[in-house]
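Could you walk me through this structure, from its strands to its pockets and its aromatic rings?

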Amino acid sequence: MATTTDTKNYKFNHSMLRVKDPKESVKFYEFLGLSLIKKLSFPEAKFDLYFLAYDGPSAASHGHGTFDREGVIELTHNYGTESDDSYSVNNGNKEPHRGFGHVCISVDHIQAACDRIENAGYKFQKKLTDGRMRHIAFALDPDGYWVEIISQDKNTKGAGDPKELGAVTDPATYRMNHTMIRVKDAAKSLKFYQEVLGMSLFRTSEQAAAGFNLYFLGYPAPEGVPADGFTAFKEGLLELTWNYGTEKDENFSYHNGNDQPQGFGHICVSVDNIDAACARFEGMNANWKKRLTDGRMKNVAFLLDPDGYWVEVVQNERFTEKDNF
């Protein structure tokens, strides 16, 4: 294993969501085409972790190890919630607990993909035909988390596009494209994710009339940042949503998902050398939720971003050739 660290080797590995009933949640995400690539059980602590990712022959990370991937969804199940009628998660989109927004999959034929989801009995926060933005949709997972659906065809008009009529969708071609979180101060967040975590800004979408900007960041990998700004085929992007003016309000803050009521837990970056990476973060005066030396789990650390979201740091097992867990 390397004794130094290089952010070019980092990967935006996964996003963690707490779920009430893992059977229903795993079923939903498998219906979207993801595969259960690893399950970790911690019966002494009364929770299980389910890692799902696209893993078919055409998947971007096909055959890679769990922590040598991007675009993974980690579902955390605390024992007993599935039989607790009073238990529900915070999906991050309801006041006063907004923060995390959604995960997003990109699909081959968006109308057919949405029809398939609806025909299976799943609900939508926004259908393709709702509102003015007829090229995106938001499905709801069993816990009410939003799952954005976008097209891999950059020229599609979405709902009503003649090209979409009669098309057949293949979930094996889908990508887990991005995870969205809301941020209070765009400048501070962009600095953290670019300078501390080493991400690159792939594209910016300025919606001045609506009073917000979207920033899409990630690790370029060998293929680099798309010259045309089209990112639907990429896995493992982070979307930062900044609503104008929040940075000027001293009393304003977003919910990090880990304070009550809980829901979204963290995003995770896998690194080439976890000791060297954490030493680098320490040297940059990063804020910590948990250092490597804290607690019993000496193989994971958690940074805090400017909004208090947790960023897990784990070892990419490809560099050590041994399992983390």
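Predicted model: local features only at pLDDT ≥ 70, side-chain atom pairs only at ≥ 80, totals over all residues.

Residues are numbered from 1 along each chain as its sequence is written, and side-chain values use heavy atoms, with hydrogens and water left out.

Let us begin with strand E13, residues 264-271. Strands (E, at least two residues) are DSSP runs numbered from the N terminus. Eight of the eight residues of E13 are buried, so the strand is largely enclosed by the rest of the structure; buried means under 20% relative accessible area, exposed over 50% and partly exposed in between, with a 1.4 Å probe and protein chains only. Two strands pair if DSSP finds at least two bridges between them. E13 pairs with strand E1 (residues 11-18) in the antiparallel sense over six bridges, and there Leu17 stands opposite Phe264. With strand E16 (residues 310-315), E13 pairs in the parallel sense, over six bridges, and Ile267 stands opposite Val311.

E13 also leads us to a pocket. On a 1 Å grid over the protein atoms alone, a pocket is an open set of points with protein on both sides within 12 Å along at least five of seven lines, a cavity is a set where a 1.4 Å probe fits but cannot get out, and lining residues have an atom within 4 Å of a point. A volume is the space filled by probe spheres set on the points, which are joined across faces, edges and corners. E1, E13 and E16 are among the strands that each supply at least two residues of the lining of the second largest pocket. That pocket holds about 640 Å³ of space. Of its 28 lining residues, Phe47, Leu49, His266, Met297 and Phe302 lie nearest its centre.

The largest pocket holds about 1000 Å³. Its lining has 35 residues, with Met133, Ile136, Phe138, Glu148 and Leu214 nearest the centre. Strands that each give at least two residues to this lining include E8 (146-151) and E11 (212-218).

What lines the largest cavity? Asn90, Gly92, His97, Gly99, Phe100, His255, Asn256, Gly257 and Phe264 do, around about 40 Å³ of space.

Now for the rings. A search of the whole structure finds 18 aromatic pairs. Rings of Phe, Tyr and Trp (its six-membered ring) pair if their centres lie within 6.5 Å; planes under 30 degrees apart count as stacked, over 60 as edge-to-face and the rest as tilted. Phe192 and Tyr193 have ring centres 4.9 Å apart and planes at 85°, so this pair is edge-to-face. Both Phe192 and Tyr193 are buried. Phe252 and Tyr254 are also edge-to-face, at 4.8 Å centre to centre and 90° between the planes. Here Phe252 counts as partly exposed because its relative accessibility is 25%, whereas Tyr254, at 8%, counts as buried.

Phe28, Tyr29, Phe31 and Tyr122 form one aromatic cluster. The charged end of Arg116 sits over the ring of Phe31, 3.7 Å from its centre; a charge sits over a ring if NZ of Lys or CZ of Arg is within 6 Å of the ring centre and within 35 degrees of the ring normal. Likewise, the charged end of Arg203 sits over the ring of Phe216, 4.0 Å from its centre.

Notes. Helix = DSSP H or I, 4+ residues; strand = E, 2+ residues; numbered from the N terminus.
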